[in-house]
Amino acid sequence: MEKKLTCIVCPLGCQLTVQLNGREVVKVEGNTCPRGAEYAKNECTNPQRTVTSTIRCENGGLVSVKTDRPIPKEKMTECMQLINKAVVKRPVAIGDVILSDVFGSNIVATQNKP
Amino acid sequence: MRDLVIIGGGPAGMSAAIAAYEQGVRDILILERDESLGGILQQCIHNGFGLHKFGEELTGPEYAWKYEQKVRELNIETKCNTMVLDITEDKVITATNAQEGIFQLQAKAIILAMGCRERSKGALNIAGSRPAGIFSAGTAQKFVNMKGYLPGKNVVILGSGDIGLIMARRMTLEGAKVHAVCELMPYSGGLARNIEQCLNDFNIPLKLSHTVVQIHGKERLEGVTIAQVDENRRPIDATREFIPCDTLLLSVGLIPENELSKAAKVDLSPITNGAVVDQDRQTSIPGVFACGNVLHVHDLVDFVSEEAEIAGKAAAAYIKGNTGKKVEIPVKTDGKVRYTVPQVITVKKDITLYFRVGSVYKNVRVNVTAGDKVILSRKRPKVAPGEMESVTIKAELLENVESLTVSLEVL
Ligand SMILES: Cc1cc2nc3c(=O)[nH]c(=O)nc-3n(C[C@H](O)[C@H](O)[C@H](O)COP(=O)(O)OP(=O)(O)OC[C@H]3O[C@@H](n4cnc5c(N)ncnc54)[C@H](O)[C@@H]3O)c2cc1C
Ligand code: SF4
């Protein structure tokens, strides 16, 4: 089976053509660099995404956060529910872990909030 | 008298300041109207920044922080909460803040780095009332990411620029339903990766060759009527469709913020809406430089930082007295190529010309001609208005050249 994908690893956005045998990736074409082939393999077997959002500070304001590595795509909504329930107390510094072990990632701050 | 004053503390302003410092300039002042440095990146909390520049994927605030740290480390003076009101041709800057009131500064060199703002005219020619619930995509981004306030629950987005695509995903993740993204043109103005990860991931339909023809609702938006357009971009009545929604986001493009440049009588390009510059990003006024989105709209902040380094270095050279213009080679375009930056070359060295095309073309050659001679030709599988292109011309190719034209040849 043939599948068309858009590589999301970098802004070039190469159009990939993937040859599949069942769920196994046999061949990837259209990628400009090796990361594209890697992406195609993951996307066909275990698609993953980085989630970015904000967490409320109990002493006012918001801090922006991200998963420090991509999580399974189908867990994005659940991940957002955890993020929306969380509160944090300022000061927060870039890189601080706010929630740990969220679908294999940590939720870390991406902003300094003094 | 200050050596270098930089107007705007976004990625362009910070990067230019660092580059000038590294060239030996010490008397540098950054003026920023916001309460902190970072510019628009503060509200761009999604990831995808810095791959080109740092080899890692950062969010907007993280990218800005890398530069802010450097600015602090070098002790470059910054004044936040300070709005520049006017610049003159003689490089006198009038600014205001709460502590000093209105004050004036004379600078040897100025770098314009005021960024851009969103176009709003997309809404003006839509029929119907003007109820609450219509926002530009960037305003919605600010509400959601900086104030924690979701502007609505049922959303239609007009325009498929990157900010609109990013907001489609953001609002979906926050629990809103995005019913459609309508794009007037037959192609999207956003990056392919954003269509994939912001729309396709969430099954949000992208309706190409569609527009909003009517707005409904009195106090609050109650819905929009959308329609397909023909090849002359005229709505086709038979395709009209009502979509109930409480929010309409407009993502119809960005425009450089050049009120100050106009006041200083800097020559502006009617195509980019930014200054006309040479390879050093020097404007028509010697000692006044421009970089980042105030010069022309960039899709990627990495290129903003690079351009700002060029301007920062050149400003340093100017301050030290290396101001010699040697030649004047205008760079023209054929219309398929809409514009180039720089628009003029004044020194014969290796030059990278950045340009944008006016429409989507497949299988093209980018030709750079001097007189009737093609001095450079590069193949591209696809070019699109949403993606900035570049070609680099070696210094030796500029020998005996009086003017250049950049054109597209469709193969
Ligand atoms: C809403 C929005 C979203 C964007 N999203 C992305 C994205 O996701 N990815 C991406 O790569 N690019 C994005 N961009 C493009 C982005 O603007 C650039 O990548 C980059 O931030 C531009 O840097 P800059 O320094 O030129 O401008 P800016 O970041 O806009 O910085 C300009 C600074 O100048 C200040 N300023 C302006 N006028 C004055 C004055 N008179 N006095 C004092 N200070 C002044 C402003 O307050 C601001 O801090 C977005 C742009 C907008 C408008
Ligand atoms: S294949 Fe490589 S170059 Fe192409 S989009 Fe993916 S990461 Fe970028």
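How do the residues of the lining of the second largest pocket divide into nonpolar, polar and charged? I started there and got 17 nonpolar, 13 polar and 9 charged. The classes I used: Ala, Val, Leu, Ile, Met, Phe, Trp, Tyr, Cys and Pro are nonpolar, Asp, Glu, Lys and Arg are charged, and the others, Gly among them, are polar.

Ground rules, noted once. I'm working on a predicted model, where local features need pLDDT of at least 70, side-chain atom pairs count only at pLDDT 80 or more, and totals for chains, interfaces and linings use all residues. Residues are numbered from 1 along each chain as its sequence is written, chains are lettered from A and ligands numbered from 1 in the order in which they are written, and side-chain values use heavy atoms, with hydrogens and water left out.

**Entry: the pocket**

I put the space in the second largest pocket at about 1,200 Å³. Of the 39 residues that line this pocket, I find Pro11(A), Leu12(A), Gly13(A), Leu191(B) and Glu387(B) closest to its centre. A pocket here is an open set of points on a 1 Å grid over the protein atoms alone, with protein on both sides within 12 Å along at least five of seven lines; a cavity is a set where a 1.4 Å probe fits but cannot get out, and lining residues have an atom within 4 Å of a point. Grid points are joined across faces, edges and corners, and a volume is the space filled by probe spheres set on the points.

Next I looked up which elements of chain B contribute. At least two lining residues each come from α2 (51–54), α6 (192–199), α8 (301–319), β26 (373–383) and β27 (389–393). β26(B) gives the most, with 4 residues. Helices (H or I, at least four residues) and strands (E, at least two) are DSSP runs, numbered from the N terminus.

I then checked α6(B) for burial: 7 of its 8 residues are buried. Among them are Arg193(B) and Glu196(B). Buried means under 20% relative accessible area, exposed over 50%, and partly exposed in between (1.4 Å probe, protein chains only).

**Entry: Thr6(A)**

Thr6(A) sits in strand β1 (residues 2–6) of chain A. I call Thr6(A) buried because its relative accessibility is 9%. Its side chain also makes a polar contact of 3.4 Å with that of Gln15(A). (A polar contact is a pair of N or O atoms within 3.5 Å; within protein, one must be able to donate a hydrogen and the other to accept it, and residues adjacent in sequence count only if both atoms are side-chain atoms.)

**Entry: ligands**

Which residues come nearest to ligand 1? I get Ala12(B), Glu32(B), His46(B), Phe49(B) and Asn293(B), out of 32 around it. Being around a ligand takes a heavy atom within 4 Å of it. From an oxygen atom of ligand 1, I read 2.5 Å to a polar side-chain atom of His46(B) and 2.6 Å to a side-chain N or O atom of Glu32(B). A backbone N or O atom of Asp299(B) is 3.0 Å from a ligand 1 oxygen.

Ligand 2 has a shell that includes Cys7(A), Cys10(A), Cys14(A) and Cys33(A). By class I noted 6 nonpolar, 4 polar and no charged residues there.

**Entry: the cavity**

α5(B) gives the most to the lining, with 4 residues.

Most residues other than glycine have a negative phi, and most peptide bonds are trans. I logged cis bonds between Arg90(A) and Pro91(A) and between Val341(B) and Pro342(B). Ser209(B) has a positive phi of about 55°, and I call Ser209(B) buried because its relative accessibility is 19%. Lys265(B) also has a positive phi, near 65°, but Lys265(B) counts as exposed because its relative accessibility is 55%.
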